[in-house]
Amino acid sequence: MTGQRTARRVTMQQVAAEAGVSVSTVSKVINGRYGISAVTAAHVSGVIERLGYETSLVARSLRNQRTHVVGVLVADFEPFSTEVLKGAADAIRGSGFELVAYSAGGRVDEHVGWERRYLSRLMGTLVDGAVLVTPTVTDVDADGPVVAIDPHTGSTTIPTVTAHNLQGASAGVRHLLELGHTRIGMVTGRADLVSAQLREQGFRDALGEAGVPVDESLVVRGAFETDVAREVAHQLLGRSDRPTAVFAANDQMALAVLDVARELGIDVPGDLSLVGFDNIPESALSEPPLTTVAQPIREMGRDAVSMLLGLIEGREPADVHHTLGTELVLRRSTRALGGVAP
């Protein structure tokens, strides 16, 4: 290969040679030790900045027993985890810590137990603590504090941050009932995820409270996967007795239902009202914009990292299992049955 050069890490020896001092002097400047004049320290610091020298995280942890880095570990980078990361960045700002996001890209062999593998690679040498986003397991052995966001198993021995999934789902379905819909379908989430189970329970509770029996043939498993949601949406909307409204357990699946409705010539909201869950940014950009149950995803990321930073500093959280509220966001994908949009 020609015309390409591999970038190499600047070494302490290079800094010393450029500054015209010994390696030990550079080390003292980096670590803030005594015995160096202010003039020499300023000169060496200028060289360090100009050359772009950075100590490695491993070396930093060996020297100080801390890296001052926290990790956010996710199975994959999708809309939910992306919003979590924005909140994590909010929390880390001005804290003196740095943030690293880690994922194996949603590999199929990582679906269960990925948390243990990720933590063993990072904890203790690269990060001082970690936030696990929707972990499949929480019985993890880590060399530092861990906080979980929306764990599959629900309540656990480690600190958690979640949203009111059951109440949020009930509110979304009650909205459809108030618009006169009684033939309401649902695209559910993953069967092993407690938040998905709670959203399905909220759907069933809302119908039960209204005296509307659940038509089990209208409850289809979307698994929080867009491709799966598209497939079951075709089955649901292709029926001659299709539902007049659909509640999807997350926005990604709701948007997949919206796409399928468009392909089948079904007007939303004229022929079909549609409600999602999450309020990811894409939900406001669809046509029509999606009515959805907003959970404060960014706030969940912020609170989880704030809790983690406290644990690293030896402070126990006031609320070990922190639950945030949800809010129904009304947009143009819902309409009164046989009427006009509210």
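**Notebook: loops, a sheet and a helix**

S37 is partly exposed, with a relative accessible area of 42%. I was working from a predicted model here, as in all entries below. I placed S37 in the loop that runs between α2 (23–31) and α3 (38–51). I then looked for a partner of its side chain and found a polar contact with the side chain of T40, at 2.9 Å.

**Entry on D128**

I next looked up D128, in the loop between α6 (114–122) and β3 (129–133). Is D128 buried or exposed? Its relative accessibility is 11%, and the cut-off for buried is under 20%, so D128 counts as buried. I also checked what its side chain reaches: the backbone nitrogen of H68, at 2.7 Å.

**Entry on the sheet**

I traced an open sheet of 6 strands and wrote down the order as β2-β1-β3-β4-β5-β11, with parallel pairing. Which strands stand at the edges? They are β2 (98–102) and β11 (321–324); each has a single partner strand, so one side of each lacks a neighbour in the sheet. I noted that neighbouring strands of this sheet are turned against each other by 20° on average, with direction ignored.

I then followed β11 to its pairing with β5 (residues 160–163). The two strands run parallel and are joined by 4 bridges. I looked up A163 and found L324 of β11 as its bridge partner. As background, strands of a sheet pair through backbone hydrogen bonds, either parallel or antiparallel.

**Entry on backbone exceptions**

I went through the peptide bonds and phi angles next. Most peptide bonds are trans, and most residues other than glycine have a negative phi. I listed the cases below as exceptions to look at.

The peptide bond from V268 to P269 is cis, and its omega is near 15°. I located P269 in the loop between α10 (251–263) and β9 (273–278). E287 and P288 are also joined by a cis peptide bond, with omega about 0°. P288 sits in the loop between β9 and β10 (291–294).

For phi, I noted F224, which is not a glycine but has a positive phi of about 60°. F224 belongs to the loop between β7 (219–221) and α9 (226–237).

D278 is not a glycine either, and its phi is positive at about 130°. Where is D278 placed? I found D278 in strand β9. With a relative accessible area of 6%, D278 is buried.

**Entry on α11**

I checked the span of helix α11, residues 297–312. The helix has 16 residues and reaches 23 Å from its first C-alpha to its last, close to the 22 Å expected at 1.5 Å a residue.

How many residues of α11 are buried? I found 12 of the 16, so the helix is largely enclosed by the rest of the structure. Among the buried residues I noted I297, M300, G301, D303, A304 and V305. The list also includes M307, L308, L309, G310, L311 and I312. I looked past the end of the helix as well: α11 is followed by G314, whose phi is positive, near 90°.

Definitions and conventions
Residues are numbered from 1 along each chain as its sequence is written. This is a predicted model: local features need pLDDT of at least 70, side-chain atom pairs count only at pLDDT 80 or more; totals for chains, interfaces and linings use all residues. Side-chain values use heavy atoms; hydrogens and water are left out. Buried means under 20% relative accessible area, exposed over 50%, partly exposed in between (1.4 Å probe, protein chains only). A polar contact is a pair of N or O atoms within 3.5 Å; within protein, one must be able to donate a hydrogen and the other to accept it, and residues adjacent in sequence count only if both atoms are side-chain atoms. Two strands pair if DSSP finds at least two bridges between them. Axes are lines fitted to C-alpha atoms, for helices over the stretch in contact, and angles run from 0 to 180 degrees between N-to-C directions. The expected span of a helix is 1.5 Å times one less than its number of residues.
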